[in-house]
Amino acid sequence: MGLEFSGLCEELNPELTTVLYDRAGTGRSGAVPLPRAVEQVTAELESLLKVLELSPPFVLVGHSLGGAYAQRAALDLGSKVAGVVLLDPVHRDWNRAMPPELRIEVGASTRYTVDDIDVPAARAALSAMLDDLDPEVRDAILDVRMRDDRLLTGMQEVANFAEMLGDLPPTLPDTAVRVIHATAVDPLQARYRSAELLQTQIDAMRDMYITAFGADAYQPAPAADHSTLPFSAHSAITEAVRDLAGR
């Protein structure tokens with residue numbers, strides 16, 4: 001949810017106008033049926049920017065699934081976008097880049113229920129990851145993420161994963177891109193997959209990003225894992241945003 005970027009925004013606010021938002025159906029935004037088409041999500045972002053009366057150019061920052069939407073938004077917004085900072089983004093070539101055991105099958109995420117989640121353990125792990133955030137921000141994230149109606153939000157959002165991939169651009173040749181990639185094994189993901197398999201995923205992601213965006217756009221974050229990347233790679237992200245905003 002957007003609040004995970006609050007520390008980044010506080011640092012950038014003196015020099016740049018920053019906007020945090022939760023996609024419809026996620027975080028503190030109102031509920032909507034999930035999954036949603038990529039064009040619905042990106043059209044709402046464009047509408048939000050217009051309502052806020054913000055002038056381009058924009059730097060878009062997206063983490064994981066948000067990184068997928070940022071790629072499509074950059075394509076749709078065209079010259080209004082100065083650049084895109086992608087944090088472990090989903091990419092169009094995900095299923096082609098991954099070995100069979102790491103590919104995401106159509107509808108796979110719909111097999112899970114709240115009963116499949118160890119909620120106390122998940123809350124404790126998430127709380128530990130958010131420990132460096134302002135206590136009010138941390139508690140707000142926990143309260144929303146652990147609500148019964150939001151525990152499965154991420155899985156519901158990717159129920160149309162294969163269709164979504166087809167709506168993403170293979171690359172962004174007319175847009176400056178920075179890809180920041182967490183190269184440490186994620187403890188939350190390790191609850192469901194072996195460390196060896198997750199290392200295979202990390203290696204495949206690196207190759208996928210370099211192929212799609214070029215070696216110059218790629219930056220590993222060795223101290224970060226996927227879940228903590230928005231705040232554990234704080235300096236790298238703010239530096240990338242400043243660089244693209246200054247172009």
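This is a predicted model: local features need pLDDT of at least 70, side-chain atom pairs count only at pLDDT 80 or more; totals for chains, interfaces and linings use all residues.
Me: What makes the largest one a cavity, and what is its volume?
Reply: It is called a cavity because a 1.4 Å probe fits there but cannot get out.

Me: Which residues line the largest cavity?
Reply: Happy to list them: Asp88, Ala182, Ala184, Val185, Asp186, Gln189, Leu198, Gln201, Ile202, Met205 and His226. By class, the lining has six nonpolar, three polar and two charged residues. Helix H9 (residues 195-213) gives the largest share, four residues.

Me: How do you know what span to expect of H9?
Reply: The expected span is 1.5 Å times one less than the number of residues. H9 has 19 residues, and 27 Å is expected. From first C-alpha to last, H9 reaches 27 Å, close to that expectation.

Me: Which residues of H9 are buried, and what do they pack against?
Reply: Leu197, Leu198, Gln201, Ile202, Ala204, Met205, Met208, Tyr209, Ala212 and Phe213 are buried. The buried residues of H9 pack against helices H3 (65-77) and H4 (94-97), and also against strands S2 (81-87), S3 (176-182) and S4 (218-221).

Me: Why is Glu157 called buried?
Reply: Buried means under 20% relative accessible area. Glu157 has 6% relative accessibility, so Glu157 counts as buried. This residue is in helix H7 (residues 153-157).

Me: What makes the pairing of the Glu157 and Arg23 side chains a polar contact?
Reply: The cut-off for a pair of N or O atoms is 3.5 Å, and one must be able to donate a hydrogen and the other to accept it. The side chains of Glu157 and Arg23 make such a contact at 2.8 Å. Leaving aside neighbours within four places in sequence, Glu157 is in contact with Arg23, Thr26, Leu34, Pro35, Leu65 and Tyr69.

Me: And why does Ala240 count as buried?
Reply: The reasoning uses the cut-off of under 20% again. At 6% relative accessibility, Ala240 therefore counts as buried. Ala240 lies in helix H11 (residues 234-245). Beyond its neighbours within four places in sequence, Ala240 is in contact with Val85, Arg178 and Ile180.

Me: What separates the C-alpha atoms of Ala240 and Ile210?
Reply: A distance of 17 Å separates these C-alpha atoms, and the two residues are 30 residues apart along the chain.

Terms used
Residues are numbered from 1 along each chain as its sequence is written. Side-chain values use heavy atoms; hydrogens and water are left out. On a 1 Å grid over the protein atoms alone, a cavity is a set of points where a 1.4 Å probe fits but cannot get out, and a pocket is an open set with protein on both sides within 12 Å along at least five of seven lines; lining residues have an atom within 4 Å of a point. Helices (H or I, at least four residues) and strands (E, at least two) are DSSP runs, numbered from the N terminus. Ala, Val, Leu, Ile, Met, Phe, Trp, Tyr, Cys and Pro count as nonpolar, Asp, Glu, Lys and Arg as charged, and the others, Gly among them, as polar. Buried means under 20% relative accessible area, exposed over 50%, partly exposed in between (1.4 Å probe, protein chains only). Contact means heavy atoms within 4.5 Å.
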